[in-house]
Amino acid sequence: EAEKLEGVVLDLQSPFVHEAARKLTANLITNVSKETKAAIRQTIFEAIMDGDAPRVSAREIRQIVGLTRRDALAVRRFAEHASERQVERYSTKLLNRRALTIARSESLRACGQGQLAAWRSMAADNLIDTSRFRASWGATLQSDRTCDICAPMNGQQVPLGGSFESNEPGVLPSERVPYSGDTVECPPLHPNCRCTI
């Protein structure tokens, strides 16, 4: 089977990633219209096609989205005791953060969904035997930013086409308590998730 897989490259220039970016991104973004989702989807697609980092696409997304209701309320409360300039900086900070969160999360979603599509295609072409391969969750553990939802998922394996289950939050094993969490096909599990499969 290794001979069959030789030369297969799964990266951002994969047509599967491009297709996922074009069709599957922006669906989970809240507080925006269908037109805004379509514009974000196009921005993510173009950024991936051009090889742009999420920070680059975030600048464009910032022009497309506005503040969430929650952030707008935070700005309104902040304005009660701050200068106009401080309010504008705070509002800009929240908008920049939202745009970057969307860019990162949706780029990762396109990569994950593209990877799944590539595996499905390879299985359909008999390049891989799905009974012999498993998908493995990879959390970014080398950072103090590793979240308590993703840390315990690191190394979790499922059959190709299966779903990962988040059911034990806690960065350290001693902190983990079972709960009924989310089930997903691939990362991201949450906004700003940095996991891969």
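**View 1. Arg 55 counts as exposed, at 53% relative accessibility.** Exposed means over 50% relative accessible area, buried under 20%, and partly exposed in between (1.4 Å probe, protein chains only). The model is predicted: local features need pLDDT of at least 70, side-chain atom pairs count only at pLDDT 80 or more, and totals for chains, interfaces and linings use all residues. Numbering runs from 1 along each chain as its sequence is written, and side-chain values use heavy atoms, without hydrogens or water. Arg 55 is found in helix H4 (residues 54-64). Helices (H or I, at least four residues) and strands (E, at least two) are DSSP runs, numbered from the N terminus.

**View 2. Helix H6 covers residues 84-124.** Its 41 residues should span 60 Å at 1.5 Å a residue, and the end C-alpha atoms are 59 Å apart, which agrees. The expected span is 1.5 Å times one less than the number of residues. Just after H6, Asn 126 takes a positive phi of about 60 degrees.

**View 3. Ser 131 lies in the loop between H6 and strand E1 (134-136).** Ser 131 counts as exposed, at 63% relative accessibility. Its C-alpha atom is separated by 7.4 Å from that of Pro 159, 28 residues apart along the chain.

**View 4. Ala 26 has a positive phi, near 75 degrees.** Ala 26 sits in the loop between helix H2 (15-23) and helix H3 (34-50). Ala 26 is buried, with a relative accessible area of 0%.

**View 5. A cis peptide bond runs from Pro 187 to Pro 188.** Omega is near 5 degrees. Pro 188 is in the segment after strand E4 (183-184). Asn 192 also lies in the segment after E4, with phi near 65 degrees. At 30% relative accessibility, Asn 192 counts as partly exposed.
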